Amino acid sequence: MSGIVAAGNGGKGPLTVFRVVPGSPAAEAGVKEGDEIIAIDGRAVRGSDRDEAKALFKGDGVERTLNVRRGSETFEVRVRLRRMVGAGGPGQQCSVGRRAF
């Protein structure tokens with residue numbers, strides 16, 4: 001899993017990173033809170049795609065390419081998924097409208 005907790009923004013707007021689990025693959029790749037995930041493996045995503053995006057973050061050892069927007073900058077990061085155990089782990093509902101991947 002990636003270690004990203006994302007907010008779908010009520011299905012409107014971008015898929016926004018709400019939290020990054022310290023030491024997770026996403027943290028190691030440089031993903032930060034507030035980043036907007038605009039594509040996963042070349043497929044555009046929005047807040048309304050949160051559940052579909054979550055499904056892409058399953059699979060130990062799978063690598064995903066994320067296109068991320070941070071302010072006016074857009075860049076690509078590669079995240080190699082791995083099994084994570086602990087608070088805020090994948091699939092746990094963390095708060096209303098937020099889901100861990």
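Let's start with Thr16, whose bridge partner in β3 is Glu36. That pair belongs to β2 and β3, which run antiparallel and are joined by two bridges. The strands themselves are DSSP runs of E with at least two residues, helices are runs of H or I with at least four, and both are numbered from the N terminus.

Quick housekeeping. This is a predicted model, where local features need pLDDT of at least 70 and side-chain atom pairs count only at pLDDT 80 or more, while totals for chains, interfaces and linings use all residues. Residues are numbered from 1 along each chain as its sequence is written, and side-chain values use heavy atoms, with hydrogens and water left out.

β3 and β5 pair over four bridges, in the antiparallel sense. β3 also pairs with β4, again antiparallel, over two bridges, and there Ile40 stands opposite Arg43.

Now look at the hairpin of β3 and β4, with two residues between the strands. Asp41 sits in that loop. What's the phi of Asp41? Positive, about 50 degrees, although Asp41 is not a glycine. Most residues other than glycine have a negative phi. Asp41 counts as partly exposed, at 39% relative accessibility. The cut-offs are under 20% relative accessible area for buried, over 50% for exposed, and partly exposed in between, with a 1.4 Å probe and protein chains only.

Asp41 is also one of the residues that Thr65 touches, and the others are Ala39, Ile40, Glu76, Val77 and Arg78, not counting residues up to four places away in sequence. Touching, or contact, means heavy atoms within 4.5 Å. Thr65 lies in strand β5, residues 63–70. Is Thr65 buried or exposed? Buried, with a relative accessible area of 14%. The side chain of Thr65 makes a polar contact with the side chain of Arg78, at 3.3 Å. A polar contact is a pair of N or O atoms within 3.5 Å; within protein, one must be able to donate a hydrogen and the other to accept it, and residues adjacent in sequence count only if both atoms are side-chain atoms.

On to β1, residues 4–7. Ile4 and Ala6 point one way, Val5 and Ala7 point the other way, and all are buried. β1 runs antiparallel to β2 (residues 15–20), joined by four bridges, and Val5 has Arg19 as its bridge partner there.

Next, the largest nonpolar core, with 18 residues: Ile4, Val31, Ile37, Ile40, Leu66 and Val77 touch the most other members. β1, β2, β3, β5 and β6 each supply at least two residues of this core. A nonpolar core here is a set of buried Ala, Val, Leu, Ile, Met, Phe, Trp, Tyr and Cys residues joined through side-chain atoms within 4.5 Å. In soluble globular proteins, nonpolar side chains tend to be buried together. Take Val31: leaving aside neighbours within four places in sequence, its contacts include Ile4, Leu66 and Val77.

Last, zooming out: the chain has two helices and eight strands, and buried residues make up 43% of its 101 residues.

Methods
Pairing = 2+ DSSP bridges.
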